[in-house]
Amino acid sequence: MSPLQISWKSLKSKPLSSGLNILLIAFGTGILTILLLASRQIGDKLTQNSKDIDLVVGAKGSPLQLILSSIYYIDNPTGNIPLEDAQRLSRSPFVKRAVPLAMGDNYKGFRIIGTDSNYIALYQLKNATGQFWKKDFEVSIGATVAEQQKLKIGDTFLGAHGLTENAHVHDHHAYKVTGILCKQGNVTDNLILTNIASVWKMHEEPEHDHAHENGHEHEEEEPAGNREITSLLIQYRSPMSVVMFPRMVNQATQLQAASPAMESTRLFSLIGVGIDTLQWFAFLIMLIAAVSVFVNLYNSLKERQYDLAIMRTLGASRIKLFRIVIEEGLLLTLTGTIVGILLGHIAVELIGSGQESSQAKLSGLIFLKEEIYLFAAGLAIGIFAAIIPAWQAYRADIATILAKN
Amino acid sequence: MQQMISIKALAHAYNREKKINFDDWQVSKGDQWLLLGNSGSGKSTLLHILTGILSPATGQVKVNDTEIYQLKPRELDRFRALHIGIVFQRPHLIKSLTIEENLLMAQSFAGLPENRSRIQEVLESLAISASLHQYPSTLSQGQLQRASIARAVINKPALLIADEPTSSLDDQNAGTVLRLLKEQTELNQSTLVIATHDQRIKEAFKHTYTL
């Protein structure tokens with residue numbers, strides 16, 4: 001019968017108060033776990049997806065909306081831009097690489113993106129099977145798209161107009177899967193990539209595109225004319241471009257330049273207010289839990305003074321009594337912490353499974369090394385709450401207690 | 001004959017004004033003694049001094065050939081666990097533990113390995129082996145008193161001390177508890193000291209130390 005077993009048995013004999021304390025700790029830890037997992041995963045996704053993209057050029061409007069739609073694919077684009085303007089900017093000496101994007105359709109919620117081979121180079125995409133699109137209406141699909149829609153090489157499907165499911169279906173052209181991308185761990189897992197001409201043609205009147213039905217190549221050869229694209233992802237040639245290029249775009253053209261780094265920071269500072277509030281709320285719950293554990297142990301010590309005196313007459317040392325009380329505090333808070341962390345992971349997994357946006361899906365199956373700090377916090381609260389009652393148990397004058405009883 | 005208890009020039013100060021002096025006392029090993037005195041005469045104080053939980057103001061206390069107040073605190077705790085068993089007026093077992101766990105705890109505090117056959121043996125000798133896995137709250141007062149005797153003798157102490165074990169009991173139960181204490185003392189070849197103001201049990205003892 002170790003001190004730990006005695007502590008555990010003591011807690012088990014008071015299921016109501018022990019349960020309440022565990023619940024309080026679990027609630028606080030659970031909220032912190034959810035915040036930790038969500039902010040880390042969102043942060044990682046933002047970083048992964050905007051990696052190597054220095055600037056996004058699109059139609060005027062909200063710069064944040066432009067970034068969200070062109071890098072993270074979680075908002076509607078701000079509008080379209082003339083292909084001619086985009087091509088002129090692409091040839092600028094400040095630009096190392098420019099990737100055009102044309103959006104407008106989806107397949108069961110997965111966005112269909114018209115682009116060119118620069119996109120492949122930007123995200124260093126590789127095929128798991130098949131090959132990249134070559135002709136119009138050929139597509140390479142992300143790993144998640146293939147997995148969830150059970151698409152394989154040679155399969156065909158019809159795209160729907162707009163960026164959400166259940167919209168009007170373009171039934172005059174079918175896309176054909178020619179490649180399935182390797183799992184990238186970024187937004188490309190959820191995309192369907194094709195050439196820009198396919199997107200244009202999909203939105204032309206059916207009777208007008210009979211000339212292309214034999215599927216000859218268009219990529220990077222389409223004459224600009226009145227053509228439009230959605231946006232342009234830019235990689236700078238030199239650090240000097242950071243200062244010059246955005247200013248040039250915003251002042252000298254009808255287009256808008258938005259920096260992913262700046263907009264992500266702005267986004268985080270907006271979300272950050274909510275995260276901070278929740279964090280303080282969780283800390284407050286943890287503090288209440290610590291006081292509750294303290295009150296529980298302190299009151300229980302008063303009731304158990306004679307028990308502890310009897311233990312001393314049986315030969316238990318002062319240190320053993322100290323340990324019994326401290327371990328009670330630790331058992332309460334560590335059990336609460338473990339339950340809280342598990343509940344936090346379950347909650348994040350449930351949130352993730354209920355998320356409509358497949359691009360920013362959260363997972364509760366990821367464990368972070370920072371969660372060890374939650375254990376440390378549980379440990380510290382346990383010791384903090386139990387130290388005074390434990391010290392009182394250590395100092396108890398057993399002869400006086402026995403005489404009083 | 002070897003001595004189990006020896007006190008010499010022993011005194012305890014409750015405060016600056018109130019002090020109690022104890023006559024010198026020697027108890028031989030295997031003897032059974034009655035420590036008689038009215039309420040407030042200092043019986044419990046002497047028992048607490050003998051068990052090492054209350055330091056005397058002056059004097060010498062030897063238990064089982066050990067001068068117990070010369071021991072370091074942890075040595076004294078261990079000495080008490082191994083050599084002294086105590087039965088209180090009220091049984092007071094730990095409510096969150098079963099009877100078996102209460103006895104396992106006593107073995108553990110003495111630093112002895114868990115010995116479930118010894119627990120079974122003691123409970124059988126006290127006729128409460130059926131209560132092994134029961135919690136104290138489910139037992140009768142008589143069963144609880146037997147369980148508290150079992151806890152006191154589980155480590156085969158050389159000295160068994162009982163503080164007013166019969167005071168709150170009727171004649172029949174008082175007789176039973178006294179019989180069990182004597183039986184267990186003989187079974188474990190211990191020395192027995194019972195502190196009481198209960199005149200009913202005076203006749204059952206040859207040796208008496210009166211305060």
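This tour moves through a predicted model, one selection at a time.

**The contact between the chains**

Begin by colouring chain A and chain B separately. The contact draws 23 residues from chain A and 23 residues from chain B. About 2,300 Å² is buried between chain A and chain B, and carbon and sulfur atoms give 64% of that area. Two salt bridges are counted between the two chains. To view a salt bridge, select A:Arg312 and B:Asp77: their side chains meet at 2.9 Å, N to O.

**The largest nonpolar core**

Next, select A:Met311 and B:Ile7. Both belong to the largest nonpolar core, which has 98 residues, and these two touch the most other members. Helix α11 of chain A, residues 318–354, supplies the largest share of this core, with seven residues.

Which residues is A:Met311 in contact with, leaving aside its neighbours within four places in sequence? Within chain A, the partners are A:Ile6, A:Ala316, A:Leu321 and A:Ile324. From chain B come B:Ile94, B:Met105 and B:Phe109. Another core, of 27 residues, lies apart from the largest one; to find it, select A:Ile53, A:Ile67, A:Ile113 and A:Ile120, which are among its members.

**A nonpolar patch on the surface**

Now turn to the surface and select A:Ile338, A:Val339, A:Leu342, A:Leu343, A:Ile346, A:Leu350, A:Ile372, A:Tyr373 and A:Phe375. Together they form a nonpolar patch with about 880 Å² of accessible area. Helices α11 and α12 (371–395) of chain A are the elements that give two or more residues to this patch, and α11 of chain A gives the most, with six. Focus on A:Tyr373, which lies in helix α12 of chain A. Is this residue buried or exposed? A:Tyr373 counts as exposed because its relative accessibility is 59%, above the cut-off of 50%.

**Two loop residues in chain B**

Most residues other than glycine have a negative phi. Two exceptions may be inspected in chain B. Select B:Asn64, in the loop between β5 (58–63) and β6 (66–67) of chain B. Although B:Asn64 is not a glycine, its phi is positive, at about 50 degrees. With a relative accessible area of 17%, B:Asn64 is buried.

Finally, select B:Gln189, in the loop between α6 (171–187) and β9 (191–196) of chain B. B:Gln189 likewise is not a glycine and has a positive phi of about 50 degrees. In contrast to B:Asn64, which is buried, B:Gln189 is exposed, with a relative accessible area of 73%.

How values were computed: Residues are numbered from 1 along each chain as its sequence is written. Chains are lettered from A and ligands numbered from 1 in the order in which they are written. This is a predicted model: local features need pLDDT of at least 70, side-chain atom pairs count only at pLDDT 80 or more; totals for chains, interfaces and linings use all residues. Side-chain values use heavy atoms; hydrogens and water are left out. A nonpolar core is a set of buried Ala, Val, Leu, Ile, Met, Phe, Trp, Tyr and Cys residues joined through side-chain atoms within 4.5 Å. Buried means under 20% relative accessible area, exposed over 50%, partly exposed in between (1.4 Å probe, protein chains only). Helices (H or I, at least four residues) and strands (E, at least two) are DSSP runs, numbered from the N terminus. Contact means heavy atoms within 4.5 Å. Patches are made of residues with over 30% relative accessible area and no salt bridge: like charges are joined within 9 Å, nonpolar side chains (Val, Leu, Ile, Met, Phe, Trp, Tyr) within 5 Å. Accessible areas come from the Shrake-Rupley method with a 1.4 Å probe; for residues, only the protein chains shown count as cover. A salt bridge is a side-chain nitrogen of Lys or Arg within 4 Å of a carboxyl oxygen of Asp or Glu. Buried area is the accessible area (1.4 Å probe) that two parts lose on being put together, summed over both.
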